[in-house]
Amino acid sequence: MKPNRQILNHRIFTSVILLFLWGIPGRVSGQDNIYQRYDIYRNPIRVILNMFSITATTGYGATFYSHDLNGVFFYQDAQGQYIFNNNVEGVSSAFIGYSDWLNNPSAGLQTTIQSPFDVPFDYLPNPVNNPLLTDQAFLVNTDTTDFGFRGTSHSVPLNAMLHFNYKKFRLGIGYSYERQFVRPLEPTQFMGQVRSYQPNFKSTRFTRLYGMAGYKFYSWWWYDFVAEVNVGRINQGPNQFNRAVISKGLYYNLGVSIEHNWSEYFRIILKPSIDFKSYTVSIPDGSSVRHRQPTFFLQVGVSINIPDIRRSPMKSDHTQLKHVYTDRKTGRREEVRGQPITKRQNPKIGENHRRPNQHMPSRKNRVKRKKRN
């Protein structure tokens with residue numbers, strides 16, 4: 001049985017939510033002012049739904065992979081590239097190198113290397129003193145040099161989001177699917193001796209489930225500029241990434257949504273943004289590799305609101321400005337619109353443009369050309 005305090009908190013929370021939902025229609029639709037004064041009906045369900053926006057975008061993404069191989073040996077031969085824990089001692093050390101440390105570490109062939117501490121075998125790469133550096137062999141202790149790999153992969157994101165609007169603020173949730181095409185990673189050091197690192201997959205997918213918060217900080221003519229932050233979880237493709245050895249935290253996305261208001265209910269979106277995320281792969285021998293993978297996105301799409309008023313039942317009614325219609329059967333007065341949501345318009349004054357056509361740039365150019373002629 002729940003403690004009394006928990007029961008009380010639950011009842012208070014439920015009461016607040018119910019009062020909030022009950023008060024939305026009257027507060028938003030203005031039932032206590034002009035609509036009430038002139039007895040104009042508005043559907044309360046439409047009014048509530050109009051406070052939510054649905055956004056769908058797609059575009060291009062560039063992911064910048066990078067990692068430093070700290071605390072390991074890196075060994076390359078003609079067959080592959082391997083890393084293993086550098087906590088080895090003794091005159092002769094047998095090790096098992098692990099490949100595919102980007103996504104799914106797998107053990108390679110067991111190899112015995114002469115002690116790197118013996119003279120004259122220089123521990124650092126030295127083609128004269130180190131006999132390992134033959135036939136593309138390469139050995140380096142990553143604790144003694146800043147060594148790793150980095151590269152850029154390309155992707156196509158698909159994103160869907162639902163958010164609640166209140167004045168200039170918005171809160172919502174979203175889901176995205178990203179198909180990423182992975183390219184080889186270039187070494188950060190020893191480019192003439194170390195080959196590029198080729199992941200064991202050509203493409204993979206990423207999915208995200210996130211929460212969103214935004215603020216509309218500027219408006220100019222038909223454009224709104226909204227700062228947005230997304231925080232959530234990202235999941236790598238299970239067929240390519242071994243999730244059992246991968247640890248990761250939340251990811252963060254910062255962006256600006258540039259919204260072109262085609263009409264009151266329909267907007268065209270252009271959104272540049274940047275993902276900040278990383279993950280760590282645990283190697284069976286006790287070492288680990290942390291991978292950074294920030295992503296730049298440039299996405300385009302559309303955003304719509306469910307109209308708070310219906311289309312006029314009169315087929316000949318094409319008035320852009322919202323207006324009152326009296327139902328002939330019921331005699332009820334209600335606010336309606338005469339245009340579809342995708343019709344370019346300014347519903348405040350019922351015109352396509354916010355200033356007369358003779359002041360538009362295109363009109364000015366035509367007048368100037370006529371004067372020249």
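**A walk through the strands**

D100 is buried, with a relative accessible area of 16%. Let me start there. D100 sits in the loop between β4 (92-99) and β5 (106-114). Its backbone is worth a look: D100 has a positive phi of about 55°, although it is not a glycine. One caution before I go on: this is a predicted model.

Now set K167 beside it. Phi of K167 is near 55°, again a positive value in a residue other than glycine. K167 lies in the loop between β7 (148-166) and β8. Buried or exposed, K167? At 72% relative accessibility, K167 counts as exposed. D100, in contrast, is buried.

Step back to the whole chain. How many helices and strands do we have? The protein chain has four helices and 19 strands. It runs to 373 residues, and 40% of them are buried. Take the contacts between residues at least 6 apart in sequence: 63% of these join residues at least 24 apart. The exposed surface comes to about 21,400 Å². Carbon and sulfur atoms supply 58% of that surface.

Strand β16 covers residues 288-292. Its covered face carries V289 and H291. The uncovered face carries S288, R290 and R292. What are its neighbours? Strand β15, residues 278-282, pairs with β16 in the antiparallel sense, over five bridges. In that pairing, V281 stands opposite V289. β15 and β16 form a hairpin, with five residues between them. G286 in the turn has a positive phi of about 105°. Strand β1, residues 52-68, also pairs with β16 in the antiparallel sense, here over two bridges. There, S66 has R292 as its bridge partner.

On to charges. Side chains of opposite charge can pair when their charged atoms come close. The structure holds 13 salt bridges.

R170 lies in strand β8 (residues 169-181) and E259 in strand β13 (residues 251-261), so the pair ties together parts that are 89 residues apart in sequence. Are these two side chains buried or exposed? R170 has a relative accessible area of 11%, and residues under 20% count as buried, so R170 is buried. E259 is buried too, with a relative accessible area of 4%.

E178 is buried, at 1% relative accessible area. R208 is buried as well, at 4%.

K277 and D275 are both buried. Some salt bridges also share partners: R170, E228, E259, R267 and K271 are joined that way into one network.

Now a polar residue, Q299. Q299 lies in strand β17, residues 295-305. Q299 is buried, with a relative accessible area of 8%. Which side chain does the side chain of Q299 meet in a polar contact? It is that of T57, at 3.0 Å. Leaving out residues up to four places away in sequence, Q299 touches T57, T58, G59, P157, N159, I269, L270 and K271.

Last topic: aromatics. A pair of aromatic rings is described by the distance of the centres and the angle of the planes. The count here comes to 20 aromatic pairs. Look at Y218 and F225. Their ring centres are 5.8 Å apart and their planes stand at 45°, so the pair is tilted. Y218 counts as partly exposed, at 44% relative accessibility. F225 is partly exposed too, at 22%. Elsewhere, ring pairs link F74, W101, F138, F147, F149, F190 and Y197 into a cluster.

In R170 with E259, R170 is buried and E259 is buried. In E178 with R208, E178 is buried and R208 is buried. That's my tour. Questions, please.

Methods
Residues are numbered from 1 along each chain as its sequence is written. This is a predicted model: local features need pLDDT of at least 70, side-chain atom pairs count only at pLDDT 80 or more; totals for chains, interfaces and linings use all residues. Side-chain values use heavy atoms; hydrogens and water are left out. Buried means under 20% relative accessible area, exposed over 50%, partly exposed in between (1.4 Å probe, protein chains only). Contact means heavy atoms within 4.5 Å. Accessible areas come from the Shrake-Rupley method with a 1.4 Å probe; for residues, only the protein chains shown count as cover. Two strands pair if DSSP finds at least two bridges between them. A salt bridge is a side-chain nitrogen of Lys or Arg within 4 Å of a carboxyl oxygen of Asp or Glu. A polar contact is a pair of N or O atoms within 3.5 Å; within protein, one must be able to donate a hydrogen and the other to accept it, and residues adjacent in sequence count only if both atoms are side-chain atoms. Rings of Phe, Tyr and Trp (its six-membered ring) pair if their centres lie within 6.5 Å; planes under 30 degrees apart count as stacked, over 60 as edge-to-face and the rest as tilted.
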